[in-house]
Amino acid sequence: EYMGFFYKMAEQQLVEPIKEDLIYSRSYLYGQIATIAIGSLQFGYSLGQLHYWTKDSVNVRDIEEDIMLTFAILGAFIGGPLSHIGRRKSFLYINAIVFLFSIIMISAGHSHVAFLIVCRALQGLATGAFSALVPLFLREISPVQISGRIGATHQISITLGLLAAYIIGYLMRELEAEIFIRVMYIFPAVCALIQCFLQIRVFIHESPKYLMQKGMLKECEEALASIYSSYENLYNEILELKRQQNKPPVSYKLLFGGIYATQLMAGCTLCFFQQLTGINLVNVYGVQFLDQMGSYGILIFGCINFVGAIIAFIFIDSTGRKRLLMIGTIIITMCLLLIQIYFWAYQKGSSAALLIVIMSIFIGSFGFSLGPVFWIYISEILPEKGIGFATALHWVLSLLVVTLHRIDKIHLFIFLIFALISLMGVVYILKKIPETAKLRERTIKYLFTPQRYASPDISPEESPRSSEKKKQSLLQHTSDFEPTH
């Protein structure tokens with residue numbers, strides 16, 4: 001009876017969001033966030049370039065898209081494990097790849113097919129790796145109280161990269177194809193050089209979690225001291241990292257069949273619902289109708305995407321991840337139904353204004369919910385290899401959806417299927433996705449633990465089915481709630 005009472009008290013304290021005052025060095029933290037987010041900027045720019053590959057023939061463009069997205073799958077899958085050599089070092093290697101393919105494209109253009117294929121493959125590899133590493137790095141330097149906002153900068157930077165590609169493409173649209181493609185690759189080359197310089201000369205600290213995992217306590221304390229200005233915040237962060245210091249790296253065996261399986265399932269299912277809302281297909285059809293308004297039409301969707309990301313940035317920590325997901329997914333479901341009804345009733349020559357309005361609402365809703373929250377959520381609930389796997393799945397589904405527009409008359413039924421999938425997403429989020437705002441990593445792990453008796457500090461390789469380990473995990477709670485003053 002005593003242990004049961006104690007456990008309920010401990011559980012209540014464990015799942016309660018962090019409420020301690022946060023005092024931190026804004027200039028250093030914001031500078032480091034901006035430096036890391038340059039990777040997201042390049043991610044978004046690469047996606048924005050897809051629109052301007054239409055200067056090639058349709059068949060060549062489709063091949064280029066498939067090559068880039070296929071290698072993005074590979075880049076994402078290796079991005080998580082690559083972080084084990086160091087977050088900063090991983091970024092330097094990826095930027096070397098970005099600079100390499102940019103220089104090749106600036107020098108050779110697309111007159112040589114072999115160069116073109118190699119560059120698209122390298123571009124996909126770098127884009128996929130950035131998509132896995134940026135959310136991970138941002139999460140590990142984030143104070144828990146504002147981790148959502150910092151995570152949302154990933155989506156903001158992606159939308160800025162998209163806008164940059166659209167604006168540069170619009171301004172240079174009159175150039176010949178050969179010169180145009182060379183100009184478009186100046187931007188990623190410059191971004192790669194800037195990020196490398198900042199990480200080597202200015203923001204030199206590694207992720208505190210990575211340093212603690214490697215046993216580099218002094219360097220970890222220096223990295224945390226550059227972020228936190230309060231001794232209380234600094235002490236609590238060091239204490240939290242020390243709790244996880246001696247835990248072995250998560251293997252794929254533990255990821256798929258161990259204590260992390262529930263978390264991986266949640267992350268991958270959220271990825272499934274994110275991509276199978278048909279966001280890429282909506283963009284494809286939306287751009288076709290917007291192009292009737294002129295070349296600037298694509299800029300409208302770019303601006304709406306950016307505004308959605310800003311809304312997420314403002315509300316992600318106060319409103320919570322789950323509520324934003326619920327609101328956004330409900331609106332997305334309704335918009336998909338309206339889009340399908342429009343295509344059923346559409347007649348050639350009729351106005352597309354109503355469709356553009358519906359699609360704009362859809363993109364804005366995606367921009368503040370499934371778009372940013374997916375990246376934030378997987379960085380909070382998954383270890384490095386799990387983030388890599390979920391991100392690779394994201395690119396697999398993205399490739400699938402992008403190829404759907406090549407099927408003739410698919411718009412006559414596909415959006416109804418997307419609407420039904422989105423409705424399933426609403427139910428899944430309501431029932432299966434716990435709120436993670438302002439919770440520490442061990443607390444989040446505890447929320448996903450299959451048996452409620454399991455300790456949040458249980459080692460991943462320990463099976464919660466062992467009766468002896470059940471007893472040990474219960475007794476471990478006595479050391480979990482140390483005073484923080």
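**Close-up views of helix packing and a cavity**

**View 1. Helix 4 passes helix 5 in a left-handed crossing.** A crossing is left-handed if the near helix is turned anticlockwise from the far one by less than a right angle, and right-handed if clockwise. The model is predicted: local features need pLDDT of at least 70 and side-chain atom pairs pLDDT 80 or more, while totals for chains, interfaces and linings use all residues. Residues are numbered from 1 along each chain as its sequence is written, and side-chain values use heavy atoms, without hydrogens and water. Helix 4 covers residues 87-108, and its axis lies 9 Å from that of helix 5, at an angle of about 155 degrees. Helix 4 and helix 5 are therefore roughly antiparallel (over 145 degrees). The contact between helix 4 and helix 5 comprises 21 nonpolar, 3 polar and 4 charged residues.

**View 2. Helix 5 meets helix 19 in a right-handed crossing.** Helix 19 spans residues 384-404; its axis and that of helix 5 come within 9 Å and cross at roughly 140 degrees. On the side of helix 5, the residues in contact (heavy atoms within 4.5 Å) are T127, G128, S131, A132, L136 and E140. Their partners in helix 19 are E384, I387, G388, T391 and W395. By class, this contact of helix 5 with helix 19 holds 4 nonpolar, 5 polar and 2 charged residues.

**View 3. The largest cavity contains about 60 Å³ of space.** The whole structure has 4 cavities of 30 Å³ or more (on a 1 Å grid, points where a 1.4 Å probe fits but cannot get out). The lining of the largest cavity (residues with an atom within 4 Å of a point) consists of P135, L138, R139, S147, G151, W375, I376, S379 and E380. Helix 5 (113-141), helix 6 (147-171) and helix 18 (370-381) each give two or more residues to this lining. Helix 18 gives the most, with 4 residues. By class, the lining of the largest cavity divides into 4 nonpolar, 3 polar and 2 charged residues.

Notes: On a 1 Å grid over the protein atoms alone, a cavity is a set of points where a 1.4 Å probe fits but cannot get out, and a pocket is an open set with protein on both sides within 12 Å along at least five of seven lines; lining residues have an atom within 4 Å of a point. Grid points are joined across faces, edges and corners, and a volume is the space filled by probe spheres set on the points. Ala, Val, Leu, Ile, Met, Phe, Trp, Tyr, Cys and Pro count as nonpolar, Asp, Glu, Lys and Arg as charged, and the others, Gly among them, as polar. Axes are lines fitted to C-alpha atoms, for helices over the stretch in contact, and angles run from 0 to 180 degrees between N-to-C directions. Angles under 35 degrees count as roughly parallel, over 145 as roughly antiparallel, 65 to 115 as roughly perpendicular and the rest as oblique.
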